Amino acid sequence: MRAAIVGGGIVGAALAAELLGRAEVVLLEAETQPGLGATSKATGGLRHQFSHPALVRLSLLSIPVYQAMPEAGFRRHGYLFVTTNPARLEAMREAVAMQQGLGVPSRLLDPAEVAAMVPGIRTDDLVGGTFCAWDGSANPTDALGAFLRRGVNIRLGCRVEGLLPGGGVRTTAGDIPADAVVVACGAWAHDLLASEGVAIPVAAFRRQVFVMTPPAGFPTGIPMTIDQDTGWYVHPERSGMLLFGGTDRDDRPGMEEVVDWDGLPRVLDAATRRVPALADASLVRGYAGVRALTPDDLPIVGPVPGRPGLWLSVGWGGHGFMHAPGGAKVLADLLLRGKTDLLDASALSLERFSDPHRKGEQTAF
Ligand SMILES: Cc1cc2nc3c(=O)[nH]c(=O)nc-3n(C[C@H](O)[C@H](O)[C@H](O)COP(=O)(O)OP(=O)(O)OC[C@H]3O[C@@H](n4cnc5c(N)ncnc54)[C@H](O)[C@@H]3O)c2cc1C
């Protein structure tokens, strides 16, 4: 099989690496450098704590790949989710039961256990939290480079402009015939596919990150901590810096990557309400990237019905880095065997959005 993969971010690179020796693959990247899209903005978080089993299975398929990749700099620091909301804690309890059923050692915590994990965290208003010691982080750009160095045939500065009627793509560097075209170009996929008459429910949303120096004496070695009520997270970097983000989930769709400094007071307010000592953290810089989100927060991985030879690996939202290796295994199975035993692929299909029996959108967390 000859496969043309559109998009040299982590998703396209992981798929190209997965297909090495099994198909003739070319990876097409519009920019003169790979990974400048969302991949360069990802903070590198890797977690098993999701509310949908397909996402947990993707983590179980993916995270060991990064653990076994020395270049990725895998760190296991755990993820801690906390909430003040009893109904939310109930949903988290159900999610933990499902995760444990899949072999993940996540667990429910009471406020006292939360307090022991993050010294100085305010817990008097919390009803509880969840923690998984297997969660951690790695470096997306270094992982991307490691996938490419496995021998991937990548063409840089090669923008895909459309599909060829007989199979393959039309690019700024000429036509490239192929048996399979995989669209894996993140937030740009929507418009590329729309110009070919294919509608996908994927929208780009800006997400901001503020890099902070911790206050003097602030504990090192805390887990990645997420306040489920405000969305605020603090991600501990290897360097000792802290990344703040997560309070912008109500942003309007758009591709703009300019930092909205009005978002800074919001993130600082959420931070200091949960961990008062962080009032003395100081801002180093802020940056923004875009996430390509689907209505249910699951990616779209599989064929486009009625368009033979056209495949998707898009809508990876805020977990495309962590799930890229697993998504690549699933899609390689579908491409080469027509099926996969790795997970229920119907949960990731484009058809799920036109299922008349589908219940209202339930966003996975
Ligand atoms: C602030 C922020 C923090 C995040 N943190 C995390 C995290 O902690 N953990 C996690 O797992 N995920 C995280 N993510 C999400 C993650 O970054 C994405 O899900 C992931 O990078 C998606 O990878 P991708 O390859 O699909 O897209 P991208 O990295 O955007 O790559 C798409 C590529 O396609 C190219 N392209 C576009 N159009 C064309 C065309 N017509 N022809 C050829 N090439 C084209 C682009 O140039 C780009 O290189 C975060 C995202 C943001 C914005």
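User: Which residues come nearest to the ligand?
Analyst: A residue is near a molecule if its C-beta atom, placed from the backbone, lies within 6 Å of it. Here 40 residues are around the ligand, and Gly9, Gly37, Gly186, Gly289 and Gly320 come nearest. Two or more residues of the shell come from each of α1 (10-19), β13 (203-213), β17 (282-293) and α8 (320-337). Helices (H or I, at least four residues) and strands (E, at least two) are DSSP runs, numbered from the N terminus. One caution: this is a predicted model, where local features need pLDDT of at least 70, side-chain atom pairs count only at pLDDT 80 or more, and totals for chains, interfaces and linings use all residues. Residues are numbered from 1 along each chain as its sequence is written.

User: How many residues of each class does the shell have?
Analyst: Ala, Val, Leu, Ile, Met, Phe, Trp, Tyr, Cys and Pro count as nonpolar, Asp, Glu, Lys and Arg as charged, and the others, Gly among them, as polar. The shell around the ligand has 19 nonpolar, 15 polar and 6 charged residues.

User: Which domains is the chain divided into?
Analyst: Domain bounds come from an automatic or database domain assignment. Here they give domain 1 (2-41 + 140-202 + 296-354) and domain 2 (76-136 + 203-293). Each of these domains gives at least three residues to the shell around the ligand. Their C-alpha centres lie 30 Å apart.

User: At what angle do α2 and α8 pack?
Analyst: Two packed helices are described by the angle between their axes and the distance between the axes. Axes are lines fitted to C-alpha atoms, for helices over the stretch in contact, and angles run from 0 to 180 degrees between N-to-C directions. Helix α2 (residues 53-67) meets α8 at about 110°, with the axes 7 Å apart. That makes the two helices roughly perpendicular, a label for angles of 65 to 115 degrees.

User: Which residues meet there?
Analyst: Contact requires C-beta atoms, placed from the backbone, within 7 Å. From α2, Leu58 and Ile63 are among them, and α8 brings residues including Met322 and Pro325. The contact divides into 7 nonpolar, 5 polar and 1 charged.

Definitions and conventions: Angles under 35 degrees count as roughly parallel, over 145 as roughly antiparallel, 65 to 115 as roughly perpendicular and the rest as oblique. Two residues are in contact if their C-beta atoms, placed from the backbone, lie within 7 Å.
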